[in-house]
Amino acid sequence: MKSMLRTETQSKRRWRYVYAIIPSRKEHDFGQIGLDDENVYTIHYREIAAVVSDSSTKTFEVLDYGITHQQALEKIMKEYCVIPMSFGQSTTEGDIKTFLSRNYPKLRIYFTKLVGKTELGLKVTWKIDTTIKEIASSNIKIRAMKHQIEGKPLEKTYRQRLTLGTKVAEELTKREEKIASEIFARLGRISADAKMNKNLSDEMVLNAAFLVDKTKEQDFDTLVNTLEQEYGEKLLMKYVVAPPYNFVNVRIRS
Amino acid sequence: MALIVDDLLRLPVDLGMKVLQAIADDADAMTLKTERAVREQVLKTQMQFERGDLPEEEYRATMSQLRKRLDEVKGV
């Protein structure tokens, strides 16, 4: 009777929600940090493990559980190098073991690339007012156009104003490309890998991710500070530690 | 005087941005009319948050708005 009950409970909780894959031979219990406060633990294949929690359901509502997924991943990252999983990767224990064994060589290569390194996401934005002022004072054509328009009524200079705006925007784009490639190249030189992503807003100059050796994190920080001093009047710079989604892309469930 | 110069220079840029914003708002309103469209936006927001492109506070605010929008399109 007892064994029947256990089997029934096990089959109801047959799904394993996956947060990350880590390089570890040792079983690890992360505590009740999972979705629905479930216990988070490891399922192993040789020296690689999936970090999971049990569940009676295969799908989860991202609106309810998105934050918990990320918070659990951040806690795991504090102790291990991770191949992070995007939200919603849930399957059976058998499928996870099959996935780990089938992809073992590939996962090992990923860990060779990731172990001892951190992904740092850098976002650089214009201090837009300062930059526009600077463009106006340094570009002769723009300065001349501005003088022609100044003091004249809006309705009579509408076209000129639009042309002026277009010129300012063009100059901004030109500077953006130059500055972005320079910052990217300089930080890229002290990184193991780097990736430039699409800017998220008009005022963004650079949105990039750098894979940095932990022994070089201080150098990276110093260089960002140097760049901030060089471009401080024009630009705002901010970088954060993030799971290395930019440098590995693994899904257990397709 | 400096203020007038700045305003003059900003005007076309601001105007351009306002027009673009209005177009974007319209597009948002158009595209978020179906459950599928809202769901796609939810997943996009989650991905941005996971990759560190979106701070937690902004993520929570966006998801809260999307939840409301989802209820609206589902007629809840």
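Modeller: Happy to! Let us begin with a term we shall need: pLDDT is the predictor's confidence in each residue, on a scale from 0 to 100. We need that term because this is a predicted model. In chain B, pLDDT stays under 50 over residues 1-5, and for that stretch the model has three contacts beyond four places in sequence. Where pLDDT is low, the predicted coordinates should not be read in detail.

Now to the meeting place itself. Chain A brings 36 residues to the contact, and chain B brings 28 residues. Between them, about 2,800 Å² of area is buried, with carbon and sulfur atoms giving 64% of it.

Three salt bridges are counted between chain B and chain A. One you can look for joins the side chains of K123(A) and D53(B), with 2.9 Å from N to O.

Which parts of chain B do the touching? Helices α1 (2-31), α2 (35-50) and α3 (56-74) of chain B each supply at least two residues of the side that touches chain A. The largest share of that side comes from α1(B), with 11 residues. Sorted by class, the side of chain B that touches chain A holds 16 nonpolar, nine charged and three polar residues.

Here is where confidence matters for your reading. Among the elements of chain B, α1(B) has the lowest mean pLDDT, 52, while α3(B) has the highest, 93. Recall that α1(B) is also the helix with the largest share of chain B's touching side. For chain B as a whole, the mean pLDDT is 74, and 59% of its residues reach 70 or more.

Chain A has a mean pLDDT of 91, with 95% of its residues at 70 or more. Within chain A, confidence is lowest in helix α1 (residues 2-12), at a mean of 55, and highest in strand β3 (residues 40-45), at 98.

Let us zoom in on one residue of chain A that reaches across. Q70(A) sits in helix α2 (residues 62-79) of chain A. Leaving aside neighbours within four places in sequence, Q70(A) is in contact with P243(A) and Y245(A) from its own chain, and with F49(B) and E50(B) from chain B. Is Q70(A) buried or exposed? Its relative accessibility is 3%, so Q70(A) counts as buried; the cut-off for buried is under 20%.

To put that residue in its setting, chain A contains eight helices and 10 strands. Of the 254 residues in chain A, 46% are buried. Among contacts in chain A between residues at least 6 apart in sequence, 73% join residues at least 24 apart.

One last stop is a loop of chain A. D36(A) lies in the loop between β2 (29-31) and β3 of chain A, and D37(A) is found in that loop as well. Most residues other than glycine have a negative phi. Yet phi of D36(A) is near 60°, a positive value, and D37(A) has a positive phi of about 60°. D37(A) counts as exposed because its relative accessibility is 58%, and the cut-off for exposed is over 50%.

Technical notes. Residues numbered from 1 in each chain as written. Chains lettered and ligands numbered in written order. Predicted model: local features only at pLDDT ≥ 70, side-chain atom pairs only at ≥ 80, totals over all residues. Heavy atoms only, no water. Helix = DSSP H or I, 4+ residues; strand = E, 2+ residues; numbered from the N terminus. Buried < 20%, exposed > 50% of the residue type's maximum accessible area, 1.4 Å probe, protein only. Contact = heavy atoms within 4.5 Å. Buried area = accessible area lost by both parts, 1.4 Å probe. Salt bridge = Lys/Arg side-chain N within 4 Å of Asp/Glu carboxyl O. Nonpolar A, V, L, I, M, F, W, Y, C, P; charged D, E, K, R; others polar.
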